[in-house]
Amino acid sequence: MNKLIEKLEARALRNDLPDLRVGDSVRVQVKIVEGDKERLQVFEGVVIRLNGGASRASFTVRKISFGVGVERIFPLHSSRIEKIQVVSRARVRRARLYYLRKQSGRAARLTAST
């Protein structure tokens, strides 16, 4: 039974995704449907969480928009995601960067790695 489920899940996996890590600044292009029209919306921020594995994997991106923190959870293998670009990488020592929610301004910046 499990082998059948694994085969079905393997078919849904995308192989055009970059290597995402917590602390990466990413630009995610998402397809948005408005009425009968479809357009791309860009969401750019820091990956603060990676969750799950296989076809159920997801990641959380946080950005500051007009002084307000905005977080969005994306299913990693969704067909709604057009493209994921890694803008920069930061060196972090945590798997979850929830402490960024309490910080603002320069304190919320991550140190870039090479």
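Figure 1. Phenylalanine 74 is buried because its relative accessibility is 3%, where buried means under 20% relative accessible area, exposed over 50% and partly exposed in between, with a 1.4 Å probe and protein chains only. The model is predicted, so local features need pLDDT of at least 70 and side-chain atom pairs count only at pLDDT 80 or more, while totals for chains, interfaces and linings use all residues. Residues are numbered from 1 along each chain as its sequence is written, and side-chain values use heavy atoms, with hydrogens and water left out.

**Figure 2. The aromatic pairs.** A pair of aromatic rings is described by the distance of the centres and the angle of the planes. Rings of Phe, Tyr and Trp (its six-membered ring) pair if their centres lie within 6.5 Å; planes under 30 degrees apart count as stacked, over 60 as edge-to-face and the rest as tilted. The count under this rule is two aromatic pairs. Phenylalanine 43 is buried because its relative accessibility is 7%. One aromatic cluster is formed by Phe43, Phe59 and Phe74.

**Figure 3. The strands and the helix.** Helices (H or I, at least four residues) and strands (E, at least two) are DSSP runs, numbered from the N terminus. The protein chain contains one helix and five strands, in the sequence pattern α-β-β-β-β-β. Its C-alpha trace spans about 50 × 40 × 25 Å along the principal axes. Of the 114 residues in the protein chain, 27% are buried.

**Figure 4. The nonpolar cores.** A nonpolar core is a set of buried Ala, Val, Leu, Ile, Met, Phe, Trp, Tyr and Cys residues joined through side-chain atoms within 4.5 Å. The largest has 14 residues, and those with the most contacts inside it are Leu20, Val26, Val28, Phe59, Val61, Phe74 and Ile84. At least two residues of this core come from each of β1 (25–34), β2, β3 (58–65) and β5 (81–88). The most come from β1, which gives four residues. A second, separate core has five residues, including Val22, Val46, Ile48 and Leu100.

**Figure 5. The surroundings of valine 26.** Contact means heavy atoms within 4.5 Å. With neighbours within four places in sequence left aside, valine 26 is in contact with Leu20, Phe43, Glu44, Gly45, Val47, Val61, Ile84, Gln85, Val86 and Val87. Across the protein chain, residues 24 or more positions apart account for 53% of the contacts with a separation of 6 or more.

**Figure 6. Valine 70 in strand β4.** Valine 70 is partly exposed because its relative accessible area is 29%. Not counting residues up to four places away in sequence, valine 70 touches Phe43, Val61, Arg62, Lys63 and Ser65. From valine 70 to arginine 101 there are 31 residues in sequence and 9.6 Å in space, C-alpha to C-alpha.

**Figure 7. Threonine 60 in strand β3.** Threonine 60 is buried because its relative accessible area is 7%. Residues up to four places away in sequence not counted, threonine 60 touches Val46, Val47, Ile48, Arg49, Glu71, Arg72 and Ile73.

**Figure 8. Phenylalanine 66 in the loop between β3 and β4.** Phenylalanine 66 is exposed because its relative accessibility is 85%. The phi angle of phenylalanine 66 is near 55°, a positive value in a residue other than glycine.

**Figure 9. Alanine 90 in the segment after β5.** Alanine 90 is buried because its relative accessibility is 13%. Not counting residues up to four places away in sequence, alanine 90 touches Val22, Gly23, Asp24, Leu110, Thr111, Ala112 and Ser113. Alanine 90 and leucine 40 lie 50 residues apart in sequence and 27 Å apart in space, C-alpha to C-alpha.
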